[in-house]
Every structure is written in C-alpha cells, then in structure tokens.
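Visitor: I would like to learn how to read a model like this one. Please take me through it feature by feature.

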Amino acid sequence: MPDRIQKPQPANPTPGGGGGGESPRAPRVEKPNTDELLKRMRKVDPDQAKRYRQRTGQ
Amino acid sequence: MDIQFGTETEIGITREKPDGLDVVAESIALVRSATAPGVRMRWDYSCEDPHCDARGFRVKELLQDIDESNYFAQDAQRTLTFHEIKSDLVLRNGARFYNDHAHPEYCTPECSRLLEILQQDYSGDSVLIACAKALTQNSDNPVLLYKNNTDFRGHSYGCHENYLMPRTLTWDVLSQAIVAFFVTRQIYAGAGKFGWEEEDTFIKAGFQISQRSDFFSELQSVDTMQRRPLVNTRDEPHANNELYRRFHVIIGDSNLSLYSTYLKIGTTCLVLQALLNGAPLERVPKVSDPLHTLKMISRDTSWKWYCREASGRPTTAVDIQRAYLQLVKEYCTGLDHDWKAVLDAWEQVLNDLEVDPLSSADRLDWSAKYKLIEEFRQAEKLETNDPWLRSLDLAYHLLDRQQGLFYGLLEHGAFKFPYSYDEITCHSLCPPPSTRAAVRGRCIEKFGAAVNATQWDYILLHGAHKKIELDLRNLFDPNLIKQSLKIISAAQSVEDLAVLKFAKLV
C-alpha cells in the first residue's frame, strides 16, 4: 500500500458540501460478513438483467 | 508528471419496473434533478468537433449504431430544445454533468494527482446517487443507476479517460506504443462480466475479466459508438492544439473499486510519461493480433493470460505489463513519492495476479465480483449459465449504498484503498486546486449567474457593462492558477476579473 499523502486544501471550501448526496460512512475494517452480503444478494431479482435494456453509448 | 487527466463516465439508467421506459426521458429527468451547485445549460457546443483525426485529417462522418439512426428520428419528435435535452450542468468542482443522448454522463474536472481523480470520481457518484434519490421520491418505481458498461444485449456505454499531454510525442509513436499496454491492462483494470457479447448481440453465459473487451474491432479510428477502436484517434485537445494533445482513451471499464481506478489511471499516466521522456519504440512490447488477443485475455478462464508477442514468441499479459513497468522504471527516474507508490502497487498486483489471481480481490473489481458471485452461485447451487448471475453482476454496479453489491463489500471492509477513505470521500465538490478546473469551478461558484457560455477551455461572463472571456487554453502553470484564484476570490464583480492574465474583453 502506498503511504498516505497530505490532504490537499480545497480551492473553494464552501461549508456544507452542497448537494453532493448522503454522507459517506467509513467502511468497517473487520473481516467481511459474508452472510449479510449473501442476504443482500438473495434480494436481487433474478430477472433484473433480462429486463435491462440500454441504448448504445460511446 | 507532465500529464493531466480526467474521466467521462456514462451511466446505465432504468427503473425497477421498466415496462414502457423511455431511457432518454429518464436520463434528462435525472440530470435535471441535480441540486448540486452549478450553472445549467450554458455549455457551448459550437466549438466541439469530434471529427478531427490525430492522423492528420478530418473524417466526414462518424459510424453510428443502426439502432441509433432510428433513435435519432424519435428524439427529433421531442418537444425539448437541443440544450434542454442535453441539460448540461457545470458544477462548482469544474465537472460537467449532462445527458449524453441516452445516458447520464459525469465528466470529472482536470486532475494532476491521483488522489484528486479518486475524489472527483467519488463526488460524481455521490451526485448521481443524490439524483436517483430525488427522482425516486414520491414514486413507487425506484430509479436504478448502474456504473457499468453493458446491458448484456450488446449495447455498451463507456468510461473514457483523457490524458492531456505535451504534443511533443508524435501520434505515430504513441499509437503504436500503447497498443500492447491497452490489450493487457484489463488484468487489473477490468471490472468483470458474467457474459460474452458482441455489438448488438448477447453470445453466451460465461465470466470474463473485462466489461468492454467484447466491443473492440478496429485498431485505430475516430469512432466511439460502433466498430470501436483500441486506439481512438479523436484530436480535440480543448487546449492550445499546437502545444497539447488530449489522448482520448475509450477502452477502459467503469471501475467502482478505488484501487482499480488508481491503477488504471496511474499506470497509464506513467507509461505515457515514459514515452514522453524518450522510451524508444523498439523497447516497447508488441503483441500479436491485438484485437483477437484483447478478447482472448478477457475470456481466459485459466487466468494465465497466455498470448504471443508480435514476433510469435509466447508470453503472458503479466509479462507484457512487466515490460512496461520496467520501461517506466528506466525512463521516469525523477518520480515523487506519490507516483513511486503507483509503481509499487502496480508491481505488487502483477506479482499477485501471477501467483494467485483471486488474491487481488481486495483491490480489483473483476476478482472481487467473481469471488463474491461465485461463492453465491455455489451456495445456491446455481448452474454457471444461470441468468441470475447477470442480475448479480448488474447489482455489483448499482449506485446505491444500501443495495449495491460493491457497496456491500465496501461496507464490510473487503477493499483496500490507495489513500485513506476519508481523504477520498470528504472532499465534497471542490475542484482540484492546481489545475484550470479550480478557475472554472471558482467562477461557476462565485459568478454563476453571469456565465453566458462555457467549455473546457474558456468561460464567457457578462458584467454590468462588459463581457469578459477567460481563455483557459494555456492555463497549466500552477503558480498562475494560484494567483488567479486569489484575484477571483477578491473580485467584487465580473469586471474585476479583467485583470486576470488570460482575460480579454469581448
């Protein structure tokens, strides 16, 4: 892992973030809880990809 | 480092119940739902020209997908104006967010450090997530956004990279030297895909390490939507075109893993810098039949990635990458600590991929996705061609922190980061401080209502009595940018910006 580097100062530090969405939570550092992930996966609709259609992009 | 960089990411959009969905209308509505501070519908399209070819000519027209011709006719029936359909929003971080025909697209501002591109990419994801939330409110049919590159029907959309660099490196050398790098970079930059496709067609089930490798069928061309090339020849620097080249890279996957993005952009910058520093073409690896090898590597389920050099000698993708790594070590000797760290991370991931590919699942999208979904497949006793696997693949890319599978892994500490997570994520919508994006962003934030028009390389503002154009085509000196930011901060009116060295009254 590369060492951490000094945090840069924002060029225009307006407080509040301004519409960037929900605040991120720092990930937990313990070993992944696979059971919880498997639960999340079981909620995925098996047919979701069948219904998914996009236009070609770039 | 003489290179600045950024990305343009097209997003897949649908609803939970997609019957009768108009993806263009959805994309427009999504972009227009943004509440992040910025300037809307002031993007100047008149100076864009994607027909200029780096090989020294201008093409008459671009290839279009067959479906697209019909779609264009449909779109012509819409009651919205061109600018309303595009709905460009230039954000205060200097980014661009708009509807690119049928996909919401977020373009980061120009960055000069790898931490910055991770911050800006993360900010874009946050803007998109906020938009989806806003559009879903008061609806029983949630918006779903996918940061991926395919619909598993052969319709691909891109995550382009841009590298703004001195024009001293000739196109002939650049376009030859980069081919084997792009063919093999997918072993760490690929996002993984449970399906094989070609343009407009799903071929069959099966895992491969890249989302995009199925869609490249030319070595070089200016096209981006059909018969896509390994090396895109678009010559549109958005800067002084006598001094600068914007190398427009269309072959990469959309990455969610911050480490994958770090490696993808970082290694590409280093290879380009080595070439700028004089790494000779005869020392650069050449791969036999690059288009075939690209797909072969992506679809190789042994993960040994055997291939051949142009001479016919057997080699592997890992060894080709090592040859580029060696060139960088020899020709980029003055790297600072931050860039040396990329070299170490690159070398480490190549070693890991050679010995135990899935040990990279703490850094790379493709291996993280494969490991997660394969574990699920076995637990649920699914066949390897079960369509559910493609739905799970989609779910990995879902931009939703509560439902997306990437975010599930992230939440549970499955990923390493090249910088601290807080450094990357707490930098909300501020531009990179040492590139011209800071000037653009500061003007947008402070004088947004006065912005008449903007592009990557200029801003036109109207004051009470005068119009002022800020010409950003040559604005790459960090000291000048720093001084200019002080002037902009102190300015009481648009007219006060006239003292900027790159301002002119129009």
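Guide: Start with burial. A residue is buried if 20 or more other C-beta atoms lie within 10 Å of its own, exposed if 12 or fewer, and partly exposed in between, with C-beta atoms placed from the backbone. Next, the ground rules. This is a predicted model, where local features need pLDDT of at least 70, side-chain atom pairs count only at pLDDT 80 or more, and totals for chains, interfaces and linings use all residues. Residues are numbered from 1 along each chain as its sequence is written, while chains are lettered from A and ligands numbered from 1 in the order in which they are written.

Visitor: Is H238(B) buried, exposed or partly exposed?

Guide: H238(B) has 18 C-beta neighbours inside 10 Å, so it counts as partly exposed. H238(B) sits in the loop between β14 and β15 (244-249) of chain B. Helices (H or I, at least four residues) and strands (E, at least two) are DSSP runs, numbered from the N terminus.

Visitor: What is the phi of H238(B)?

Guide: First the general idea. Most residues other than glycine have a negative phi, and most peptide bonds are trans. Phi of H238(B) is near 55 degrees, a positive value in a residue other than glycine. D200(B) also is not a glycine and has a positive phi, of about 65 degrees. D200(B) belongs to the loop between β11 (193-198) and β12 (201-208) of chain B. With 15 other C-beta atoms within 10 Å, D200(B) is partly exposed.

Visitor: Which loop holds T108(B), and what does T108(B) contact?

Guide: T108(B) lies between β8 (103-107) and α4 of chain B. T108(B) is buried, because 28 other C-beta atoms lie within 10 Å. Now contacts. Two residues are in contact if their C-beta atoms, placed from the backbone, lie within 7 Å. Leaving aside neighbours within four places in sequence, T108(B) touches G6(B), T7(B), A95(B), I117(B), Q120(B), D121(B) and G124(B). L91(B) is 17 residues from T108(B) along the chain, and their C-alpha atoms are separated by 9.7 Å.

Visitor: How do I read helix packing?

Guide: Two packed helices are described by the angle between their axes and the distance between the axes. Axes are lines fitted to C-alpha atoms, for helices over the stretch in contact, and angles run from 0 to 180 degrees between N-to-C directions. In chain B, α4 (residues 114-136) and α7 (residues 258-276) pack at about 130 degrees, with their axes 10 Å apart. Angles under 35 degrees count as roughly parallel, over 145 as roughly antiparallel, 65 to 115 as roughly perpendicular and the rest as oblique. α4(B) and α7(B) are therefore oblique to each other.

Visitor: Which residues of α4(B) and α7(B) make the contact?

Guide: α4(B) supplies L114(B), I117(B), L118(B) and D121(B), and α7(B) supplies L258(B), T261(B), Y262(B), I265(B) and G266(B). Sort them by class. Ala, Val, Leu, Ile, Met, Phe, Trp, Tyr, Cys and Pro count as nonpolar, Asp, Glu, Lys and Arg as charged, and the others, Gly among them, as polar. This contact has six nonpolar, two polar and one charged residues.

Visitor: At what angle do α15(B) and α16(B) pack?

Guide: Helix α15 (residues 436-447) and helix α16 (residues 478-490) of chain B pack at about 10 degrees, with axes 9 Å apart. They are therefore roughly parallel to each other. From α15(B) come R436(B), A438(B), V439(B), R442(B), C443(B) and K446(B), and from α16(B) come I481(B), S484(B), L485(B) and I488(B). The classes here are six nonpolar, one polar and three charged.

Visitor: How many residues of α6(B) are buried?

Guide: Helix α6 (residues 179-189) of chain B has 11 of its 11 residues buried. These buried residues pack against α5 (171-177), β14 (228-232), α7, α8, α9 (317-331) and α10 (337-355) of chain B.

Visitor: Where is V287(B)?

Guide: V287(B) is in the loop between α7 and α8 (290-299) of chain B. V287(B) counts as buried because it has 22 C-beta neighbours inside 10 Å. Beyond four places in sequence, its contacts include V179(B), A180(B) and V183(B).

Visitor: Which domains does chain B have?

Guide: Domain bounds come from an automatic or database domain assignment. For chain B this gives domain 1 (4-425) and domain 2 (436-505). Their C-alpha centres lie 31 Å apart. The contact takes 16 residues from domain 1 and 17 residues from domain 2.
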